[in-house]
Amino acid sequence: MKKLFVKTYGCQMNVYDSDRMAETLAPSGYAPADSPAEADMILLNTCHIREKAAEKLFSDLGRLAPLKARKRRQGGKMVVAVAGCVAQAEGAEILRRAKTVDLVVGPQSYHRLPALVEAAENGDRPVETEFPAESKFDRLPDRGRASVSAFLSIQEGCDKFCTFCVVPYTRGAEFSRPVRAVLDEAKDLVVHGARELTLLGQNVNAYHGAAVDGGVWGLGPLMHALGKIPGLLRLRYTTSHPADVDDELIAAHRDEPKLMPFLHLPVQSGSDRVLQDMNRRHRADDYRRIVDRLRAARPDIALSSDFIVGFPGESDDDFAATLALVRGVGFAQAFSFKYSARPGTPAAVRDDQVPEPVKVERLAALQALLGEQQTRFNAGFAGRTVDVLFEKRGRHPGQLAGRSPWLQPVHAAAPDALLGSVATVRVAMVEPNSLAGALPEAAA
Ligand code: SAH
Ligand code: SF4
Ligand code: F3S
């Protein structure tokens, strides 16, 4: 048996893809390795979204070189494969820059991995970065056990072309998997132990899948169909674009009880001028209106978002508009980043780049505000009860860890028998990023 070590960078779609790639390689004789040192193959599933993410690949490759040399001295072999978005963006350039790499495969071609790996094992250095006509989803390998909370990719690629973003180039044109394929995979995941599904897509609410009734379904109808699967307890989806939030999706937040009251809806900026330069296709007020409608449909919905500070041309006033939007909306959590110029994107070549110290200062101010909001949101749970889906054992013996409906990590003393089920927990302690409590009967 050969051993495969997979390292995943970047977004949840890469997490999903990494599992599928490992499953694709099982028939070639590869079983999971616990560490890179014992592996016969290393697969790095990479992210190109910001410069730091992409550079991480090359520093990791630098560390792998001596491991690979040692393996060779011992008479063995180690195949080093680079997959994912850096593979797509840089292709053969990776082979030139890093002698350690044996094979490069883009995110839409991983179903071709067995043949590519065989070529690499025989001394070739194949590069596969075409967007193939056939879909990698057509021949999904058999799946073993699924985790309690599992990912399910339903949409890929992006046609939005935000001027800062590499995704339309690395993942290709937007496409949706057919409704039947999504429902079949969802049922299969539930049979294998999943109780919560997070539907994934770079732009998941642009979903428009061909349905058996001959029509095309958006995410709203899909949620209701998934909601009927017995044994499935919770549904989530990420990442959404404000311009693609439609009435059916908002209605699903009102009518579909399995759809959790939490939405990650990136806004990027609160300044209309910056949003326009970013080609975001929505204004700050459009975003506020969507939030109002979501809250009218589901009053307890909590919001998360992504922000970029220091986009080219962003002035103090533009940044103040972002802070104003954050104050007005109120977020339960959020991710924020300094703008990173990405090769091949329109914003990268603008001559009004924001100086690094200004980006640093704005990021600190924004994160302080978002941090306060997150703390306040979590503090509101002290003494309350929350429904927790227990996903795994906690750090301490006798403890289980799971998530609240609002995606907060929660741990509580609970028996293993509760793994995979939802139980009510009384919150005793609020930590910065998580909640701790006990089952009410245990507390009594
Ligand atoms: N499809 C999602 C986001 C995908 S990328 C959407 O439309 O919102 C995840 C996040 O990375 C983005 O929301 C954005 O905030 C951030 N990001 C993308 N490109 C970036 C760049 N060049 N510099 C800094 N942050 C970036
Ligand atoms: Fe990138 Fe999202 Fe914009 Fe698409 S919608 S270009 S993935 S930020
Ligand atoms: Fe990164 Fe590609 Fe995901 S660039 S964020 S891994 S789509």
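**A loop and its surroundings**

Tutor: Let's start at Ser 340, which sits in the loop between β16 and α13 (helices are DSSP runs of H or I with at least four residues, strands are runs of E with at least two, both numbered from the N terminus). Ser 340 has 14% relative accessibility, so it counts as buried (buried is under 20% relative accessible area, exposed over 50%, partly exposed in between, with a 1.4 Å probe and protein chains only). Before going on: this is a predicted model, where local features need pLDDT of at least 70 and side-chain atom pairs count only at pLDDT 80 or more, while totals for chains, interfaces and linings use all residues. Residues are numbered from 1 along each chain as its sequence is written, chains are lettered from A and ligands numbered from 1 in the order written, and side-chain values use heavy atoms, with hydrogens and water left out.

From Ser 340, look across to Cys 165: the two are 175 residues apart in sequence, yet their C-alphas are 9.4 Å apart in space. Cys 165 belongs to the shell around ligand 2, together with Cys 158, Lys 160, Phe 161, Cys 162, Phe 164, Val 167, Pro 168, His 241 and Arg 280 (near means a heavy atom within 4 Å). That shell splits into seven nonpolar, one polar and two charged residues (Ala, Val, Leu, Ile, Met, Phe, Trp, Tyr, Cys and Pro count as nonpolar, Asp, Glu, Lys and Arg as charged, the others, Gly among them, as polar).

Phe 164, in that shell, takes us to the rings. The model has nine aromatic pairs (rings of Phe, Tyr and Trp, the last by its six-membered ring, with centres within 6.5 Å; planes under 30 degrees apart are stacked, over 60 edge-to-face, the rest tilted). In one of them, Phe 164 and Phe 311 have ring centres 6.4 Å apart and planes at 85°, so they meet edge-to-face. This pair bridges distant parts of the chain, 147 residues apart: Phe 164 is in the loop between β8 (155-156) and α6 (167-170), and Phe 311 is in the loop between β15 (302-309) and α12 (316-329). Both Phe 164 and Phe 311 are buried.

Phe 311 then pairs with Tyr 339, with centres 5.5 Å apart and planes at 70°, so this contact is edge-to-face too. Here the partners are 28 residues apart, and Tyr 339 brings us back to the loop between β16 (333-338) and α13 (356-379). Tyr 339 is buried, as is Phe 311.

Elsewhere, ring pairs join Tyr 16, Phe 137 and Phe 175 into a cluster. Arg 384 lies over the face of Phe 381, 4.3 Å from the ring centre, and over the face of Trp 406, at 5.9 Å (CZ of Arg or NZ of Lys within 6 Å of the centre and within 35 degrees of the ring normal).

Now for the backbone. Most residues other than glycine have a negative phi, and most peptide bonds are trans. Against that, the bond from Thr 238 to Thr 239 is cis, with omega near 0°, and Thr 239 lies in the loop between β13 (234-238) and α9 (247-255). Gln 268 has a positive phi, near 75°; this residue is in the loop between β14 (262-264) and α10 (272-277) and is buried at 7% relative accessible area. Leu 407 also has a positive phi, near 70°, sits between β18 (399-403) and β19 (409-413), and at 21% relative accessibility counts as partly exposed.
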